[in-house]
Amino acid sequence: NGGATIPAHTQHVRYGLSLMNQWAAEGGNPFANAKWDDAWKIARVDAGQWADIRKGLRAETERWLRVLKTPREVAGIEFTGLVSSIAHLAYHLGAIRQIDKAARGPREGTF
């Protein structure tokens with residue numbers, strides 16, 4: 001209905017996690033030159049593009065999970081970013097569920 005597409009949400013999360021992974025691996029501020037708008041321009045994708053976006057999200061998510069499982073010293077703002085990344089992912093998964101009824105899971109009473 002004119003809003004962001006599922007591929008756009010998925011690419012946005014993938015990109016955000018790639019920046020978090022870059023920060024975890026290299027430090028610094030990979031967000032300073034981030035191009036957040038690129039993902040939101042995605043309106044349609046073909047099967048190959050969709051597979052690439054999903055594959056990229058899986059890879060970045062697996063990398064980020066390893067980061068979250070590894071103890072490390074962080075400043076307050078860094079800790080906030082770590083926790084916020086989880087909430088950010090949850091928000092976009094919720095948005096995807098709202099866009100596509102099939103992604104909402106089983107109906108009550110059917111499981």
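Begin at the largest pocket, which holds about 180 Å³ of space, in a model that is predicted, so that local features need pLDDT of at least 70, side-chain atom pairs count only at pLDDT 80 or more, and totals for chains, interfaces and linings use all residues. Residues are numbered from 1 along each chain as its sequence is written, and side-chain values use heavy atoms, with hydrogens and water left out.

A pocket here is an open set of points on a 1 Å grid over the protein atoms alone, where a 1.4 Å probe fits and protein lies on both sides within 12 Å along at least five of seven lines, and lining residues have an atom within 4 Å of a point. The volume is the space filled by probe spheres set on the points, which are joined across faces, edges and corners.

Select M20, G81, S84, S85 and H88, which are the closest to the pocket centre among its 13 lining residues. Two or more lining residues come from each of α1 and α4 (76–99), and α4 gives the most, with seven residues. Helices are DSSP runs (H or I, at least four residues), numbered from the N terminus. By class, the lining has seven nonpolar, six polar and no charged residues; Ala, Val, Leu, Ile, Met, Phe, Trp, Tyr, Cys and Pro count as nonpolar, Asp, Glu, Lys and Arg as charged, and the others, Gly among them, as polar.

Next, select V13, L17, M20, W23, A24, W64, V67 and L82, the eight residues of the largest nonpolar core, a set of buried Ala, Val, Leu, Ile, Met, Phe, Trp, Tyr and Cys residues joined through side-chain atoms within 4.5 Å. At least two of the core residues come from each of α1 and α3 (47–69), with α1 giving the most, five residues.

Then show Y15 and W36, whose ring centres are 5.4 Å apart with planes at 80°, so the pair is edge-to-face (centres within 6.5 Å and planes over 60 degrees apart). Y15 lies in α1 (residues 6–26) and W36 in the loop between α1 and α2 (37–40), so the pair ties together parts 21 residues apart in sequence. W36 is partly exposed, with a relative accessible area of 31% (buried is under 20%, exposed over 50%, partly exposed in between, with a 1.4 Å probe and protein chains only).

Finally, zoom out to the protein, which has four helices and zero strands.

Definitions and conventions:
Phe/Tyr/Trp six-rings, centres within 6.5 Å; stacked < 30°, edge-to-face > 60°.
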